[in-house]
Every structure is written in C-alpha cells, then in structure tokens.
Amino acid sequence: MTVNMLDEFGFGGGTEIETGTYPTILKLNTITGVWSLRTHNEDGTAVWTTANFPKLIAIDMPNFKKGYNLLRAGQKPDSRLVKYQEAMPEKPSEEHKPCFEVNMYSKDLDYVVFSSNSICVIRKMQELCGLYEVRTETAPHLVPVCSMQMETISTNNGDFQVPNFTIVKYVARPPQLIAAAEKAEPKPKAKAVPKPAPEVDEFEDSLDVF
C-alpha cells in the first residue's frame, strides 16, 4: 500500500557523513526556481552558492525521510524525521512544519541533502515515492537515478517552481550514499550480516552522465 505523506500531514491527496561536520544542503527557492548549496567555512559559518541541477542524480529512496522541522535564524533545524514507511512522528509544536529529507549524489554536486517545507514540492516528491514503490527493481543496494524537469504550479498564493523527477534507471548505491546511510543507521553491537557488495563497475560506467 502506498504511503501518502500529504494525507499524513493533513493536506489530503539531517544526516551527516564522515567527510565533514556539516552535510552540504541543497535548497530550492520555489519562487525563483533557483537551486542553492549550503556549505560551511572552517569556522562553521554557512555559505550559500547558486547551483546548477545535474542532468541525472542518484536519489537514496530507501532512506527517504518524512516528518516535521522548525527553522530558526542562526540555529540548527529542530527536526523530527522517520523513514517513509514508518508511522508519522508526533508533531512537536504548532510552529513545526511538514518536511521531507533525502540524500542525493551526482558527480557535479557530490553528496547533498535535499529538504523542503513547500507543500508543492512535497506533492512532487510524493509522486516520486509512488514511482519508487511500484518499481520492478527490488535489490536493496540499488538506488534510482533520476532526471529532473522544473514545473510551474499555479496556486491561490501564486506560481511556484517545483522539481518533477523521473526515474531513468537503477544503479549500485554510490559509496557516498553508503556512508550517509551507515551514519544515519548505526550498526548494532552484535555482528551484523554483511551487506551485498556494491556493483562498483555498474556505477562507474554511469559516472559520465551523473
């Protein structure tokens, strides 16, 4: 049964990895359609730069998260997130807004975390979740590679620019996403069953188009 975030949010129909203290955040301005990347200086000061969205990008749908967050100027987001198939977490306060968070990787952007509070964007990500859930590829170490086209959504509050993702193919999980998933889910102390080895050759064959 397909999980519908919009119903769970009542609208109807932050993961760090070993490469740095802060993950690189990918943000979309839905008014202008401009993508930006947030990185940090050595002193921890955030720096935003305009980014070009790649032709293709690997999206870590198995670790897609939903929930609520609260953004305050100069403070770390207060997030309550769970995996997509889990029950929606309790909303901490009326100030917290619906959101999603997903890890992505491309050759040009490297590892990034994409999140948004925009209901228009959440609707498009719901569509992507639906495409992923009816996939024929079931191997757990494969992730979808997607193309993206910007789409204009007209609402009573004006026009918004949102991403429309299409799954192009499945590839072995990029090492950058493996690191992100392992950071998000610490291994139990008991010896765990080894994961299937990533099919590195298949992923490397695709590097030229990521």
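This is a predicted model: local features need pLDDT of at least 70, side-chain atom pairs count only at pLDDT 80 or more; totals for chains, interfaces and linings use all residues.
The structure contains 6 aromatic pairs. One of them is formed by Trp35 and Phe114, whose rings adopt a tilted arrangement, with 5.3 Å from centre to centre and 55° between the planes. This pair connects distant parts of the chain: Trp35 belongs to strand S2 (residues 34–40) and Phe114 to strand S8 (residues 110–116), and the two residues are 79 residues apart. Trp35 counts as buried because its relative accessibility is 4%, below the 20% cut-off. Phe114 has a relative accessible area of 1% and is therefore also buried.

Lysine side chains are placed over aromatic rings at two sites, one at Trp48 and one at Tyr84. At Trp48, the charged end of Lys27 sits over the ring, 4.0 Å from its centre. At Tyr84, Lys66 lies over the face of the ring, at 5.7 Å from the ring centre.

With a relative accessible area of 18%, Arg38 falls under the 20% limit and so is classed as buried. When residues up to four places away in sequence are not counted, Arg38 touches Pro23, Thr24 and Ile25, as well as Ala46, Val47 and Trp48.

Technical notes. Residues are numbered from 1 along each chain as its sequence is written. Side-chain values use heavy atoms; hydrogens and water are left out. Rings of Phe, Tyr and Trp (its six-membered ring) pair if their centres lie within 6.5 Å; planes under 30 degrees apart count as stacked, over 60 as edge-to-face and the rest as tilted. Helices (H or I, at least four residues) and strands (E, at least two) are DSSP runs, numbered from the N terminus. Buried means under 20% relative accessible area, exposed over 50%, partly exposed in between (1.4 Å probe, protein chains only). A charge sits over a ring if NZ of Lys or CZ of Arg is within 6 Å of the ring centre and within 35 degrees of the ring normal. Contact means heavy atoms within 4.5 Å.
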